[in-house]
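Subject: Structure for your review

Dear colleague,

Please find the structure below. My notes on it follow directly after.

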Amino acid sequence: MKSTQLFHRAEENLVGGVNSPVRAWKGVGGEPLFFARGEGPSLEDVDGKRYTDYVCSWGPLILGHAHPKVVEAVQAAAERSTSLGTPCEDEVILAEAVKERFPSIDLLRCVSSGAEATMTAVRIARGATGRKLVLKFAGCYHGHHDCMLVNAGSGALTFGSPDSPGVPPEVAGCTLVAPYNDLEQVQALFAERGDDIAAVIVEPWAGNMGLVAPREGFLEGLRELTAARGSLLIFDEVISGFRVPEGGAQQRAGVTPDLTCLGKIIGGGLPVGAVGGAQEVMEQLSPVGGVYQAGTLSGNPLAMAAGRATLEVLHSEGVYDMLEERAVQLQEDLSGAARKAGVPLSVSRFGSVLGLFFSHRAPEDLDGVKASRSDLYPAFFHGMIGRGHYFAPSPFEATFVSAAHDEKTIRRTVADAGEVFAGLKGA
Ligand code: PLP
């Protein structure tokens, strides 16, 4: 198989054969497939086999692969220049489109990844408050920069290394960790260290340990506490941003953070991230304020064009309704198929992102996630990929539905999942 040959060549040249750890399939076993192209809801591997894609590049491809409007925008931008290294019009248009859906944002700074966005948000918070501690939640992932690799989710969780070697203890010591959804723990940490806490950073729907919903009152409680203690509240909406028609989880919850981190969808599949917030907070940043941040490719014209085209299509008539319908179909029918097979499965959902847990109830924190039967996931993954459906190669990642997934495609996935679940029964 060409895929196997490529992987062996890759292993000779790239660490672990990959450029991002979860792609290595260590969480499910086996060798990763190499893919050649994507079209709508499908991926095609280098051996010509097609798969329905429920990873969607880990979230950015909300319109599916190679949407014609996005491709056209990128091609047109590339003909003008792949990188201007100067301000350009699409940066402004993208920022306006983001602000339209995120009233908490007066000013935006675009960067090249979600990790850069959260790194910048934390630095702004430290600069604005003159404090050094940051409080995060176990199982939340905010990118791979030092102070966030503490009790992290996503690949760090998949590999059982939520705390990374190479992060100096002094740096990790500036990060406090509480269980997700545990307001009492947060109150206790504030009672002890509140005057030193620059910010609380949270995924308002935690999408890096499957998908865990915020308990009622949790986000509101964080808002009250941070406001009372002079800390900033950072919502990391790199996954949740633009998953719902309102814009993000903050609008849905009715909670206004001080800073918002975005990424994925706003780059339409090109490298992007962004941090935004109220004017007085954002103006801490250089060149207005003293908090430094910069990037050679920040606001890159291809990424801006792809993001702008993605948001335009996303906000055209009926797209969100369709996304919601398809995601509900997958959620309900997968749950039904598992029930029929006698397999415990709970499926959480925020807009068109889902979390699959082999448990009777949806977990509310990392301990709950770990208590689920994640040992069943590798067999599910391999059963599905064998039948032409690509789910994330880790039990701790979310499942993404795009606007290109039609009813028939999802029906086929669910029918095949029924067979796979039947094989899992009793495992
Ligand atoms: N924040 C969240 C919530 C994420 O899910 C991710 C990546 O998956 C990041 C930050 C980091 O984004 P990136 O991989 O673009 O650096």
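A residue is called buried here when its relative accessible area is under 20%, exposed when over 50%, and partly exposed in between, with a 1.4 Å probe and protein chains only. Strands (E, at least two residues) are DSSP runs, numbered from the N terminus. This is a predicted model, in which local features need pLDDT of at least 70 and side-chain atom pairs count only at pLDDT 80 or more, while totals for chains, interfaces and linings use all residues. Residues are numbered from 1 along each chain as its sequence is written, and side-chain values use heavy atoms, with hydrogens and water left out.

Strand β11 (residues 346-350) is largely enclosed by the rest of the structure, because five of its five residues are buried. Ser 346, Ser 348 and Phe 350 point one way from β11, and Val 347 and Arg 349 point the other way. β11 pairs with strand β12 (residues 353-357) in the antiparallel sense over five bridges; pairing requires at least two DSSP bridges between two strands. Val 347 has Leu 356 of β12 as its bridge partner. Two residues lie between the strands of this hairpin, in which Gly 351 takes a positive phi near 60°.

For polar contacts (pairs of N or O atoms within 3.5 Å), a polar side-chain atom of Asp 236 lies 2.6 Å from a ligand nitrogen atom, and one of Lys 264 lies 2.9 Å from a ligand oxygen atom.

With kind regards

How values were computed:
Polar contact = N/O pair within 3.5 Å; in protein donor to acceptor, adjacent residues only side chain to side chain. Helix = DSSP H or I, 4+ residues; strand = E, 2+ residues; numbered from the N terminus.
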